[in-house]
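Me: I would like to learn how to read a protein model step by step, beginning with the whole chain and then moving to its details. Could we go through one together?

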Amino acid sequence: MHLNQLGWNSFFEGHFRPYAAQGWIPARVAADFGSQYLVWTAAGETRAELTGRLRFESEGDGLRVAVGDWVVARPVDDGFALISNTLPRRTEFDT
């Protein structure tokens, strides 16, 4: 799967650059199952969970990871990854 097909562009590339050197990969959130997510990466789709830090921070500020977000992920097992950060959103719906 090519990330450009999912909307990856220079905006996201610029925000992701600091993470790339640390071995993280970009992923796009495809589905939210509550405690787990389905994300798309250059290698294909995988299940993912938030790191404890990100889960704690998102509960505190009310900003949840949402379908369509670009996230910073690290594969930890075959078919599973951890999400450590979200990249800035370019657009969002008001609720």
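Me: What share of the 95 residues in the protein chain do buried residues make up?

Reply: Keep in mind that this is a predicted model. Buried here means under 20% relative accessible area, and by that cut-off buried residues make up 34% of the 95 residues in the protein chain. The chain exposes about 5900 Å², of which carbon and sulfur atoms supply 52%.

Me: Which pattern does the protein chain follow along the sequence?

Reply: Begin with the elements: the chain has two helices and five strands, and read along the sequence they give α-β-β-β-α-β-β.

Me: How do E2 and E3 run, and how many bridges join them?

Reply: Strands are paired by looking for bridges between them. E2 and E3 run antiparallel and are joined by five bridges, forming a hairpin with two residues between the strands; within this pair, tyrosine 37 has alanine 48 of E3 as its bridge partner. E3 also pairs with E5, in the parallel sense and over four bridges, where glutamate 49 is partnered by leucine 82 of E5.

Me: Which residues make up the largest nonpolar core?

Reply: A core is read as buried nonpolar residues joined through their side-chain atoms. The largest one here has twelve residues, including Tyr37, Ala48, Leu54 and Val65, and strands E1, E2, E3, E4 and E5 each give two or more residues to this core. Apart from it lies another core, of nine residues, among them Trp8, Phe16, Trp70 and Leu87.

Me: Which residues does valine 65 touch, leaving out those up to four places away in sequence?

Reply: Valine 65 touches Val29, Asp32, Tyr37, Leu50, Leu54, Val71, Thr86 and Arg89.

Notes: Residues are numbered from 1 along each chain as its sequence is written. This is a predicted model: local features need pLDDT of at least 70, side-chain atom pairs count only at pLDDT 80 or more; totals for chains, interfaces and linings use all residues. Side-chain values use heavy atoms; hydrogens and water are left out. Buried means under 20% relative accessible area, exposed over 50%, partly exposed in between (1.4 Å probe, protein chains only). Accessible areas come from the Shrake-Rupley method with a 1.4 Å probe; for residues, only the protein chains shown count as cover. A nonpolar core is a set of buried Ala, Val, Leu, Ile, Met, Phe, Trp, Tyr and Cys residues joined through side-chain atoms within 4.5 Å. Contact means heavy atoms within 4.5 Å.
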